[in-house]
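Open the model in your viewer and keep the selection tool ready. We will go from stop to stop, and at each one you select something and look.

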Amino acid sequence: SFNVFEYHSYGAMQEHLEMLAKMHPDLLKLATLGSSYQGRRMKLAKISLNPNANNPIIFIDGGIHAREWVAPAMAMYLIHRLVSDPEATHELNGVDWYILPVVNPDGYEFTRTSRTNRLWRKTRSKNALLDCFGVDGNRNFGFKWAVSGVSKNPCDKETYAGPKPFSEPETQMVRNVMITYGKRIKLYVSLHSYGQYLVYPWGYTGEFLPKEWQKLHSLAKMVSDAVEKAGGQPFRVMSAGKWYPAAGGSDDFAFGAIGVPYSYTMELTDGYEFLFPERLLHTVLPQFYEGFKVFGAQIRNEF
Ligand code: 0X9
Ligand code: ZN
């Protein structure tokens with residue numbers, strides 16, 4: 001059976017989602033979004049007490065960066081709590097939670113296949129001209145694409161923005177979810193690691209902030225306080241671009257192109273870089289969950 005405090009293969013996560021959907025058919029529905037570059041099926045977990053109510057949506061994704069294993073683990077833990085914890089009806093009241101646990105399944109599986117691939121970040125698409133692989137999914141979104149913090153070199157292992165915006169099927173699928181549900185999405189959170197940062201737009205520049213920055217900042221502080229109260233480390237809260245400017249991120253696209261009022265990138269854990277130990281998942285994931293309760297309460301009360 002599936003232990004939520006362990007790291008799993010993409011296949012095991014997909015199987016577990018199918019089983020949860022069978023166990024809780026009126027709470028959890030899986031919507032197929034399409035296939036990754038290498039043909040892995042990608043499914044959006046839609047958790048709702050009343051799918052016909054047109055509730056505000058919280059959209060969460062994880063694992064756009066292959067090596068950041070704690071992000072899919074957090075997304076799976078969120079789904080697990082929301083569907084099987086009886087007290088989670090509170091979190092689900094008046095809010096629908098849409099969760100895509102692994103945006104980059106090809107990259108994720110690549111990091112699992114050998115120790116030498118463990119720190120792969122990008123997708124696994126093959127460049128048309130050069131014998132190089134992968135695009136940084138979080139530089140590939142079509143808002144202020146490639147204006148800062150990117151490499152134009154397809155062989156760059158970290159921040160290659162791609163040949164054009166949304167060149168990758170995986171980022172297209174995230175875009176499609178955002179376009180499909182549009183203004184119903186009131187909160188977007190992209191799960192990453194590491195460094196214990198909770199950052200908001202703009203990511204493409206540190207020169208200025210959106211006019212709504214104080215709302216973004218104060219909600220992030222409330223989330224951080226809740227995590228700290230649960231025994232976790234507080235988050236460093238600031239605009240992404242003030243941390244370091246990088247364009248083409250999913251957070252800027254949600255905020256700037258779709259108009260999602262609350263948009264964040266959450267960098268989970270600190271102290272282990274990309275190799276957060278499996279044996280510590282059981283301590284941090286429940287702490288982070290307390291932060292997501294605060295996100296849920298804000299969206300329910302404000303919208
Ligand atoms: O550089 C990134 O994509 C994120 N950090 S990571 O170490 N997980 O790679 C930060 C993204 C913040 N958002 C934007 N710059 N738009
Ligand atoms: Zn990342």
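## Stop 1

Select Ala 73, Met 74, Tyr 77, Leu 78 and Arg 81 in H2; they meet Leu 281, Leu 285, Phe 288, Tyr 289 and Phe 292 in H9. Residues are in contact here if their C-beta atoms, placed from the backbone, lie within 7 Å. By class, this contact of H2 with H9 has nine nonpolar, no polar and one charged residues. Ala, Val, Leu, Ile, Met, Phe, Trp, Tyr, Cys and Pro count as nonpolar, Asp, Glu, Lys and Arg as charged, and the others, Gly among them, as polar.

The model is predicted: local features need pLDDT of at least 70, side-chain atom pairs count only at pLDDT 80 or more, and totals for chains, interfaces and linings use all residues. Residues are numbered from 1 along each chain as its sequence is written, while chains are lettered from A and ligands numbered from 1 in the order in which they are written. Helices (H or I, at least four residues) and strands (E, at least two) are DSSP runs, numbered from the N terminus.

Now select all of H2 (residues 70–84) and H9 (residues 281–302). Their axes come within 10 Å and cross at roughly 65 degrees. Axes are lines fitted to C-alpha atoms, for helices over the stretch in contact, and angles run from 0 to 180 degrees between N-to-C directions.

## Stop 2: the sheet

Show the strands. An open sheet of eight strands has the order S1-S2-S4-S3-S5-S8-S6-S7, with mixed pairing. Strands pair if DSSP finds at least two bridges between them. S1 and S7 (236–239) are the edge strands, and each pairs on one side only. The twist averages 20 degrees from one strand to the next.

Zoom in on S2 and S4. They pair in the antiparallel sense over three bridges. Ile 47 stands opposite Trp 97 in S4.

## Stop 3: helix H5

Select residues 169–181. Which residues of H5 are buried? They are Glu 170, Thr 171, Met 173, Val 174, Arg 175, Val 177 and Met 178. Buried means that 20 or more other C-beta atoms lie within 10 Å of a residue's own; 12 or fewer is exposed, in between is partly exposed, and C-beta atoms are placed from the backbone. These residues pack against elements including S1, S2 and helix H8 (250–258).

## Stop 4: cis bonds

Select Ser 193 and Tyr 194. A cis peptide bond joins them, with omega about 10 degrees. Tyr 194 is in the loop between S5 and S6. Next, select Pro 201 and Trp 202: their peptide bond is also cis, with omega near 0 degrees.

Definitions and conventions
Contact = placed C-beta atoms within 7 Å.
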